Amino acid sequence: KVRVDSMNVDDLRSRADLVVAFAVVHELPKADVFFREMFTALKPDGKMLLSEPAGHVTRAAWERTMQSARQAGFESQQMPEIRRAHSVLMRKPVC
């Protein structure tokens, strides 16, 4: 069960290959917590596709979102083009 302060995915530690966060991060009360938990859930070299609606999320807010993901440890891989959206494919580095 998802909590206000957590996605409650501790059981997925280093087990996920891919996280898809499509039009959701701007709705979360603490994006930094989300990114830290997704980073922990992903296997090394795991990917996260992050996309936010351009009509709801300003360019400045998108930049803050990507910065939060980077602070959690993600690296940007590419900027896929998704119509009317800010999007990035990120990866968890292999340590």
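The model is predicted, so local features need pLDDT of at least 70 and side-chain atom pairs count only at pLDDT 80 or more, while totals for chains, interfaces and linings use all residues. Residues are numbered from 1 along each chain as its sequence is written, and side-chain values use heavy atoms, leaving out hydrogens and water.

Let's start with the charged pairs. Searching the whole structure turns up six salt bridges (a side-chain nitrogen of Lys or Arg within 4 Å of a carboxyl oxygen of Asp or Glu). Here are three of them:

| Pair | Closest N and O atoms |
|---|---|
| Asp 17 and Lys 43 | 3.1 Å |
| Arg 91 and Asp 45 | 2.8 Å |
| Arg 59 and Glu 63 | 3.9 Å |

Arg 91 sits in strand β4 (residues 85-91) and Asp 45 in strand β2, so this pair ties together parts 46 residues apart in sequence. Strands (E, at least two residues) and helices (H or I, at least four) are DSSP runs, numbered from the N terminus. Arg 91 is buried, at 14% relative accessible area, whereas Asp 45 is partly exposed at 35%. Buried means under 20%, exposed over 50% and partly exposed in between (1.4 Å probe, protein chains only). Both residues also belong to a salt-bridge network with Lys 47 and Glu 75.

Arg 59 and Glu 63 are four residues apart in helix α2 (residues 59-71), which means about one helical turn separates them. Arg 59 is exposed, with 52% relative accessibility.

Now for the patch: Leu 18, Val 20 and Phe 22 make a nonpolar surface patch of about 310 Å². Patch residues have over 30% relative accessible area and no salt bridge, with like charges joined within 9 Å and nonpolar side chains (Val, Leu, Ile, Met, Phe, Trp, Tyr) within 5 Å. Areas come from the Shrake-Rupley method with a 1.4 Å probe; for residues, only the protein chains shown count as cover. Val 20 lies in strand β1 (residues 16-22).
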